[in-house]
Amino acid sequence: MKTPIDTTITMGSGDVFTDLGFSPSESRNLRLRAQMMTALRKFIEKEGLTQADAAKRLKVSQPRTSDLTRGKISRFSLDTLVNMLGDAGLEVDLRIKQPSRRVA
């Protein structure tokens, strides 16, 4: 007979990186890099590129393409990802805005 397991559910903040304990600045950086990496992975999938073909198109090595497709975020800087997106023919658009106020 199984016994019930006590579980506690904690509501997330909406930002997985903050919830994992990263500082606000690290969280912003990781969120931007994750968005860029997702766009590149979708591009590779949409174009039906092999890792070798994607590497040529993005002007990186095949192991770098493997790192990208496997989500190894720590291996990519914002600068590198902007360049890779440009080489993919994708436009990077940066918006700077005032933070929205949270209502308590």
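A residue is called buried under 20% relative accessible area, exposed over 50%, and partly exposed in between, using a 1.4 Å probe and protein chains only. Accessible areas here come from the Shrake-Rupley method with a 1.4 Å probe, and for residues only the protein chains shown count as cover. By that scale F22 is partly exposed, with a relative accessible area of 33%.

Some ground rules. This is a predicted model, in which local features need pLDDT of at least 70, side-chain atom pairs count only at pLDDT 80 or more, and totals for chains, interfaces and linings use all residues. Residues are numbered from 1 along each chain as its sequence is written, and side-chain values use heavy atoms, with hydrogens and water left out.

Let me start with the whole chain. The protein chain has 5 helices and 0 strands, so its order from the N terminus is α-α-α-α-α, where helices (H or I, at least four residues) and strands (E, at least two) are DSSP runs numbered from the N terminus. The C-alpha trace spans about 55 × 50 × 20 Å along its principal axes. The radius of gyration of the protein chain is 18 Å, whereas a compact globule of 104 residues would have one near 13 Å. That radius is taken over C-alpha atoms, and the globule rule is 2.2 Å times the number of residues to the power 0.38.

Of the 104 residues, 21% are buried. The accessible surface of the protein chain comes to about 8400 Å², and carbon and sulfur atoms hold 53% of that.

Now back to F22, which is found in the loop between α1 (16-19) and α2. Together with V16 and L20, F22 makes a nonpolar surface patch of about 290 Å². Patches are made of residues with over 30% relative accessible area and no salt bridge; like charges are joined within 9 Å, and nonpolar side chains (Val, Leu, Ile, Met, Phe, Trp, Tyr) within 5 Å. A salt bridge is a side-chain nitrogen of Lys or Arg within 4 Å of a carboxyl oxygen of Asp or Glu.

Helix α5 covers residues 78-87, and L81, M84 and L85 are buried in it. Seen down the axis of α5, these buried residues fall within an arc of 100°, so they line one face of the helix. The arc is that of the directions from the helix axis to the C-beta atoms. The buried residues of α5 pack against α2 (24-47), α3 (51-58) and α4 (62-69). After α5 comes G89, with a positive phi near 85°.

Helix α4 has T65, S66, D67 and L68 as its buried residues, and they pack against α2, α3 and α5. Just after α4, G71 also has a positive phi, of about 75°.

What does D67 touch, not counting residues up to four places away in sequence? The list is M37, K72, R75 and F76, where contact means heavy atoms within 4.5 Å. D67 has 12% relative accessibility and counts as buried.

Last, A55 in helix α3. At 5% relative accessibility, A55 counts as buried too. Leaving aside neighbours within four places in sequence, A55 is in contact with V60, S61, Q62 and T65. A55 and T65 are 10 residues apart along the chain, and their C-alpha atoms are separated by 5.8 Å.
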